[in-house]
Structure formats: structure tokens, C-alpha cells
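The structure is shown first.

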Amino acid sequence: MTYDATHRVTVMFGGDNSGGNGNLADTWQYVSSPTITNPPVSQATCEGGAVTFAAVISGSAPLTFQWRRGLINLTDGGHIFGAETAALTIDPVTISDAAPDYNLVVSNAAGSITTADVALSVYATGSGDANGDGLLTAEDVAPFASFLLAGGPPGPGFCAGDMNADGQLDALDIQPFVSALISP
Ligand SMILES: [Ca+2]
Ligand SMILES: [Ca+2]
């Protein structure tokens, strides 16, 4: 094998020299099957946030991509973008997008490969129940403030404090949190 800089592919040379001119008459292109250079990783977000699963895949072009949930192919539309590319974006994420088994199938002429399942964790927003005891009380004020200052990562308590359901816990959530606390 060698690299054919003209065609930008790896090729194998060989074959028929019957023409006698010293040039090999036949050239075969070597097609390397897809391999996973960087797999996607699991993601977590509040509902209303955005996530991107991305993978870096090596292999001869053309490569085709198909993101799946389990064995079900995802398709673009609504809040799903890039279902047939190397990067899948879901924006805005809903609770029903939570799943343990997002994966990517990559194919070319030499074969296909499927990445290991990765999870999308989605946490509900707007309850204000920052300490996760099922109630909105004064005891949620301190953890709410801690999540506000820490700015993440997304988790049940953090997302519970995302009162305006934009996927972030920030200053915009303070007033709605106080309002909910005072008059639930
Ligand atoms: Ca609570
Ligand atoms: Ca928010």
C-alpha cells in the first residue's frame, strides 16, 4: 500500500504489465473500514437545555452516519439536528429525550461500526425543590443559592432551581424562586 497524493487515497498497486511500457495498468484503491477515534460521551442537562453528542471517526470516504436511540434511527426535525452527521444536537431537550442508549452507526464501502451506548440524563425544572425532599420550603434557599453560585453541573437539585426552564440556573431564576417560595 502507498498513499496516492493526487487522489488523496491509500492505494494498492499491481497487476498487468503486458503493455510493456513499464507502467502498471491496474490500480486498486484500499478502502479502510470506519474506526472510532473519539467516541461520544454521556451528557446531562436540565430540560430546556441543549446537548450535542459528537464522535470522531476515521475511515475511507464517503462515510455515512446514523444516530440512534437503541436500534431506532433518529431523524432531523423538531428539536433534533445532525442525525446523519458526526454530531447530534438536541435543542431544546425534553424529559422524553432521556435515554441510556444513544449510539452512532458509521458505514462505508468496507463495513460499519457502532459506538457504545451513551446516556442522556435530563432533569426536571421549575419546582424549586433544590434539596430534593419533594417540597418547596425555606430549606431549599441555601441549596438554591449554592447551585446559583456554582453554576452547575446539571443535576436534580440544580435543575429544580431553574425556575424559568431555560436550562440554566442563574440570576433570572431568583425572583421566580422567591415568588414560588412565598406563594406556592
Ligand atoms: Ca425541598
Ligand atoms: Ca433558568
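## Asp140 and selected loop features

Asp140 lies in the loop between strand 14 (118–123) and helix 1. Helices (H or I, at least four residues) and strands (E, at least two) are DSSP runs, numbered from the N terminus. The model is a predicted one, in which local features need pLDDT of at least 70 and side-chain atom pairs count only at pLDDT 80 or more, while totals for chains, interfaces and linings use all residues. Residues are numbered from 1 along each chain as its sequence is written, and chains are lettered from A and ligands numbered from 1 in the order in which they are written.

Asp140 is buried because 24 other C-beta atoms lie within 10 Å. The cut-offs are 20 or more such atoms for buried, 12 or fewer for exposed, and partly exposed in between, with C-beta atoms placed from the backbone. Leaving aside residues up to four places away in sequence, Asp140 touches Gly128, Asp129, Ala130 and Asn131; contact requires C-beta atoms, placed from the backbone, within 7 Å. Between Asp140 and Gly128 the C-alpha to C-alpha distance is 7.2 Å, at a sequence separation of 12 residues.

Ala165 sits in the loop between helix 2 and helix 3 (174–182). Its phi is near 55°, a positive value in a residue other than glycine. Ala165 counts as partly exposed because it has 17 C-beta neighbours inside 10 Å.

Methods:
Contact = placed C-beta atoms within 7 Å.
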